[in-house]
Amino acid sequence: MGLDMYLTGDKFKRTEYAKDSNGELLRNEDGSIIPVDECFVDGYKCNSQKLEVGYWRKHAPLHNFIVKEFADGEDNCRPIDLTSENLRWIAKVLRGENEYYGLPSNEDVVRGAFFGDEEWWDELRENAHEDAEIFDKAADWVDSDQQDDKYWHSVEYQASW
């Protein structure tokens, strides 16, 4: 047991509808609009795909930072939606590019067996540039949905402990 931290991407498929040569929506006999390119999994309509964007184990400084800044300090293991701007800001903080914000000091991190220890947190801080790359890549992915008419992208953070 311990602090498991997940950064998850959702790739939502936009519904497309059949159209005639004039661009008018086609309808069934009952008047409903005819969808096209629907995907089914095990007999159920599939609207999205879940993607594992990032995973950390007992990175309490990062967890505390995300909860404080994006969940009003309420640590209840609920999903926290993050925009591309949020993701880029977290990356900057991890790289130490923000003079006003940084990861919490070891003294300010929640303690206990679930959250790791100071030696582990110091090691994670030394490799924070790798974590920053994960957040930058996730931000780029969220922004890439603007280039694609078929999908919307979103990212959420959730911890379990």
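Helices (H or I, at least four residues) and strands (E, at least two) are taken here as DSSP runs, numbered from the N terminus. N64, for example, lies in helix α1, residues 60-70.

The structure is a predicted model, in which local features need pLDDT of at least 70 and side-chain atom pairs count only at pLDDT 80 or more, while totals for chains, interfaces and linings use all residues. Residues are numbered from 1 along each chain as its sequence is written, and side-chain values use heavy atoms, with hydrogens and water left out.

## Helix packing

Two packed helices are described by the angle between their axes and the distance between the axes. The axes are lines fitted to C-alpha atoms, for helices over the stretch in contact, and the angles run from 0 to 180 degrees between N-to-C directions. Angles under 35 degrees count as roughly parallel, over 145 as roughly antiparallel, 65 to 115 as roughly perpendicular, and the rest as oblique.

| Helix pair | Axis angle | Axis separation |
|---|---|---|
| α2 (residues 84-95) and α4 (residues 128-144) | roughly 165° | within 8 Å |
| α3 (residues 118-126) and α4 | about 60° | 5 Å |
| α1 and α2 | about 135° | 12 Å |

The axes of α2 and α4 cross at roughly 165°, which makes α2 roughly antiparallel to α4. Their crossing is left-handed; a crossing is so called if the near helix is turned anticlockwise from the far one by less than a right angle, and right-handed if clockwise. Contact means heavy atoms within 4.5 Å. On the α2 side the contact is made by S84, L87, R88, I90, A91, L94 and R95, and on the α4 side by A128, D131, A132, F135, D136, A138, A139, D140, V142 and D143. By class, this contact has 10 nonpolar, 1 polar and 6 charged residues. In this classification Ala, Val, Leu, Ile, Met, Phe, Trp, Tyr, Cys and Pro count as nonpolar, Asp, Glu, Lys and Arg as charged, and the others, Gly among them, as polar.

Helix α4 also packs with α3, at an angle of about 60°. That angle makes α3 oblique to α4. L124, R125 and E126 of α3 make the contact with A128, H129 and D131 of α4. The residues involved divide into 2 nonpolar, 1 polar and 3 charged.

Helix α2 packs with α1 at an angle of about 135°, and the two helices are therefore oblique to each other. Here α1 passes α2 in a right-handed crossing. The residues that meet are L62, F65, I66, E69 and F70 in α1 and N86, W89, I90, V93 and L94 in α2. This contact comprises 8 nonpolar residues, 1 polar and 1 charged.

## Individual helix residues

Relative accessible area is classed as buried under 20%, exposed over 50% and partly exposed in between (1.4 Å probe, protein chains only). L87 is placed in helix α2 and, at 0% relative accessibility, counts as buried. Neighbours within four places in sequence aside, L87 is in contact with L7, L82, F135, A138, A139, V142 and V155. L87 and I66 are 21 residues apart in sequence, and their C-alpha atoms are 10.0 Å apart in space.

N64 of α1 is likewise buried, with a relative accessible area of 12%. Apart from neighbours within four places in sequence, N64 is in contact with P104, D108, V109 and V110.

## Loop residues

K58 is placed in the loop between β6 (48-57) and α1. K58 has a positive phi of about 55° although it is not a glycine, and at 19% relative accessibility K58 counts as buried. D72, in the loop between α1 and β7 (80-82), has a positive phi of about 50° and is not a glycine. At 78% relative accessibility, D72 counts as exposed.

S105 is found in the loop between α2 and α3 and counts as partly exposed at 28% relative accessibility. S105 and W120 are 15 residues apart in sequence and 13 Å apart in space, C-alpha to C-alpha.

## Cysteines

A disulfide is a covalent bond between the sulfur atoms of two cysteines; it is assigned to a pair of cysteine sulfur atoms within 2.5 Å. The structure holds 0 disulfides. For C39, the closest cysteine sulfur is that of C46, at 4.6 Å, which is too far for a bond. C39 counts as partly exposed at 36% relative accessibility, and C77 counts as partly exposed at 25%.
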